Amino acid sequence: DRTEEKRRQSGSVLNSGCCRREDFRNASEDKFQVLQQAFLLALRKYAASLHQMLPTPTSINCKETKSYSLSSREEILVCKIVQVAHYFCIRLESFSAAMRDKRNSRHEHQMDMSNEQKAFHDVANLAVDILVSGFKIQTNSAFTEMSKTDWGRAIIDTTEESTYVRSMSITIKSFCENVQCYLPPLYFRLLCQKLASAFLSKYFDILMSQDKLSRSATEQLLLDAYSLKEVLIKIPEMKKDSNHQDVAFYSMYKRNVMNGFDRIENLLHLVGTPSRSLVDVYRTNSQNGTAVGFRTIVDSKGVNRSQQCRMVRALDLD
């Protein structure tokens, strides 16, 4: 495994050859400059080598957005690259601090390794983005099923969640369980945030793209949204060391997920509201609402154009 080999060798960049702390501490001014340049160059090359180990994109769209379709093994590879990059970020911080303590204060600015730390941070952040991209591709089939469902028809049984919800739930749990034990807590939290944000954004966009939603369909979608909310809220708890999780982070994450679903549920409640009372309900529940947003809702309800115009005039929005 190339990543394991990189991790075993990672200490050598900091602790062997010309890069031993003792060499830095005891070096003359001239030798210090030579060691410093060699050390920083080795770090930049190492960060570049980690970057090269990341999977290549499977597609690039017209906006140059890269997509990554990852196997389970590739997910673990990406997580291990995050491990190594995170390790270097921590070690470089302690290494430069130790050097500043031992050398004269006039050398303090010369031990600045912020650019090299940033290089490793960038690799780790890119790796997390690749994981998110892989997750999005895995949920594509379920989102496609959702978008192709005829939500304008009457739904007889609204007591169980839709099949696309079950598919999404399985994908979310499988993906998070596969990566959680390999990602450092800091980057697992980052992954949680990005997964939830991407998921909620796509879910809302699909709802907004529907031509028409029947009354029973809104009830079904409200049930679906509730089920998915329960799954997303529990993602941070999938981390095996959840007893040590950041309570402040989990509180913030849960609040963000709740806010995202509140937006979705508010939309569905409005679509499910009878037309005769929609203007009053929209005015009460959507204080920052616009005429465009209102038209989107009445479009989803299948309201004809002439009635829409009367309702927008009654709403009296700019």
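**Reading the labels**

Colleague: Why does Glu265 count as buried?
Modeller: Its relative accessibility is 15%. Buried means under 20%. So Glu265, at 15%, counts as buried. Keep in mind that this is a predicted model.

Colleague: What makes Glu265 and Lys229 a salt bridge?
Modeller: The closest N and O atoms of the two residues are 3.2 Å apart. The cut-off is a Lys or Arg side-chain nitrogen within 4 Å of an Asp or Glu carboxyl oxygen. The value of 3.2 Å meets that cut-off, so the pair is a salt bridge.

Colleague: Which parts of the chain does this pair link?
Modeller: Distant ones. Lys229 is in helix α9, residues 215–233, and Glu265 is in helix α10, residues 247–272. The two residues are 36 apart.

Colleague: Is Lys229 buried or exposed?
Modeller: Buried. Its relative accessibility is 8%, and the limit for buried is under 20%.

Colleague: How many salt bridges does the structure hold?
Modeller: Four. One of them joins Asp129 and Lys194, at 2.5 Å from N to O. Asp129 lies in helix α5 and Lys194 in helix α8, so the pair ties together parts that are 65 residues apart in sequence.

Colleague: Why are Asp129 and Lys194 each called partly exposed?
Modeller: Asp129 has a relative accessible area of 35%. Lys194 stands at 28%. Buried is under 20% and exposed is over 50%, with partly exposed in between. Both values fall in between, so both residues are partly exposed.

Colleague: What is the distance between the closest N and O atoms of Asp122 and Lys118?
Modeller: It is 2.9 Å, and the two form a salt bridge. Both lie in helix α5, four residues apart, which is about one turn of the helix. Asp122 is partly exposed at 37%, and Lys118 is partly exposed at 48%.

Colleague: How do you know how many disulfides there are?
Modeller: A search of the whole structure finds zero. Take Cys176: the nearest cysteine sulfur, that of Cys192, is 6.3 Å away. A disulfide needs the sulfur atoms within 2.5 Å.

Colleague: Are Cys176 and Cys89 buried or exposed?
Modeller: Cys176 is buried, at 0% relative accessibility. Cys89 is buried too, at 4%.

Colleague: How many cavities of 30 Å³ or more does a search find?
Modeller: One. The largest cavity has a volume of about 60 Å³. Its lining is Phe135, Lys136, Thr139, Asn140, Phe143, Ala198, Phe199 and Lys202. Helices α5 (114–138), α6 (140–148) and α8 (185–209) each give two or more residues. The largest share, three residues, comes from α8.

Colleague: How do the residues of that lining divide?
Modeller: Into four nonpolar, two polar and two charged.

Colleague: What makes Ser59 partly exposed?
Modeller: Its relative accessibility is 36%. That lies between the limits of 20% and 50%, so partly exposed is the label.

Colleague: Where is Ser59, and which residues is it in contact with?
Modeller: Ser59 lies in strand β1, residues 59–60. Leaving aside neighbours within four places in sequence, Ser59 is in contact with Thr65, Lys66 and Ser67. Ser59 and Ser69, ten residues apart in sequence, are 8.7 Å apart from C-alpha to C-alpha.

Methods
Residues numbered from 1 in each chain as written. Predicted model: local features only at pLDDT ≥ 70, side-chain atom pairs only at ≥ 80, totals over all residues. Heavy atoms only, no water. 1 Å grid on protein atoms, 1.4 Å probe; cavity = no way out; pocket = protein on both sides within 12 Å on 5 of 7 lines; lining within 4 Å. Points joined across faces, edges and corners; volume = space filled by probe spheres on them. Nonpolar A, V, L, I, M, F, W, Y, C, P; charged D, E, K, R; others polar. Buried < 20%, exposed > 50% of the residue type's maximum accessible area, 1.4 Å probe, protein only. Contact = heavy atoms within 4.5 Å.
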